[in-house]
Amino acid sequence: QLQFVESGGGLVQPGGSLRLSCAASGFTLDYTIGWFRQAPGKEHEGVSCISSNGRSIYYADSVKGRFTISRDNAKNTVYLQINNLKPEDTAVYYCAARRSVYTGVQALCTIPSPQRSWGQGTQVTVSS
């Protein structure tokens, strides 16, 4: 199972932008990968997931038009460009993956997986 190291978070003002990176421990070519977030007191939420070849993408309604997911399989890295940040985007952001033969983008992002393990994540705080 892939492990991830997330980076790129920070403190930004509303309307600002960030680019998050998620470096995998191994080859990502066979995996559907997603960005998830957990706000204080809430469950993990799938915000965006991308297929192994990058052609299929899912976005949660709350982030459509503001978040853009991409991946570079040569670098085993997935990115999340976040624009027009809002205070409600404040959360710790994580990556997770599952082999593409077992899941599609919407399933990875929307079906909870209690056994899923999480890395350290990267904190995004949106505040003026």
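The following questions and answers cover the sheet, the salt bridges and the pockets of this predicted model.

Residues are numbered from 1 along each chain as its sequence is written. In this predicted model local features need pLDDT of at least 70, side-chain atom pairs count only at pLDDT 80 or more, totals for chains, interfaces and linings use all residues, and side-chain values use heavy atoms, with hydrogens and water left out.

Student: In what order do the four strands of the open sheet stand?
Tutor: Strands (E, at least two residues) and helices (H or I, at least four) are DSSP runs numbered from the N terminus, and two strands pair if DSSP finds at least two bridges between them. The pairing here is antiparallel. Strand E1 (4-7) and strand E7 (67-72) are the edges, each pairing on one side only. The order is E1-E3-E8-E7.

Student: Which residue is the bridge partner of serine 21 in E8?
Tutor: Strand E3 (residues 18-24) and strand E8 (residues 77-82) pair in the antiparallel sense over six bridges. In E8, the partner of serine 21 is tyrosine 79.

Student: How many residues apart are arginine 99 and aspartate 30, the pair that links distant parts of the chain?
Tutor: Their side chains meet in a salt bridge (4.0 Å, N to O), a term for a side-chain nitrogen of Lys or Arg within 4 Å of a carboxyl oxygen of Asp or Glu. Arginine 99 lies in strand E9 (residues 91-99) and aspartate 30 in the loop between E3 and strand E4 (31-38). The separation is 69 residues.

Student: Is arginine 37 buried or exposed?
Tutor: Buried means under 20% relative accessible area, exposed over 50%, and partly exposed in between, with a 1.4 Å probe and protein chains only. Arginine 37 forms a salt bridge with glutamate 45, with 2.9 Å between the closest N and O atoms; glutamate 45 is partly exposed at 31%. At 7% relative accessibility, arginine 37 counts as buried.

Student: Which residues do salt bridges that share partners join into one network?
Tutor: Aspartate 89 and arginine 66 meet through their side chains in a salt bridge (2.7 Å, N to O). Aspartate 89 is in the loop between E8 and E9 and arginine 66 in the loop between strand E6 (57-59) and E7, so the pair ties together parts 23 residues apart in sequence. Aspartate 89 is buried at 0% relative accessibility, as is arginine 66 at 7%. Shared partners join Arg37, Glu45, Arg66 and Asp89.

Student: Which strand gives the most to the lining of the largest pocket?
Tutor: On a 1 Å grid over the protein atoms alone, a pocket is an open set of points with protein on both sides within 12 Å along at least five of seven lines, and lining residues have an atom within 4 Å of a point. The largest pocket holds about 280 Å³ of space, and its 15 lining residues include Gln1, Leu2, Ala97, Arg116 and Ser117, the closest to its centre. Four lining residues come from the strand that gives the most, E9.

Student: Which helix supplies at least two residues of the lining of the second largest pocket?
Tutor: About 210 Å³ of space lies in this second largest pocket. Of its 14 lining residues, His44, Pro112, Ser113, Arg116 and Trp118 lie nearest the centre. E4 and strand E5 (45-50) each supply at least two residues of that lining, and so does helix H1 (105-110).

Notes
1 Å grid on protein atoms, 1.4 Å probe; cavity = no way out; pocket = protein on both sides within 12 Å on 5 of 7 lines; lining within 4 Å. Points joined across faces, edges and corners; volume = space filled by probe spheres on them.
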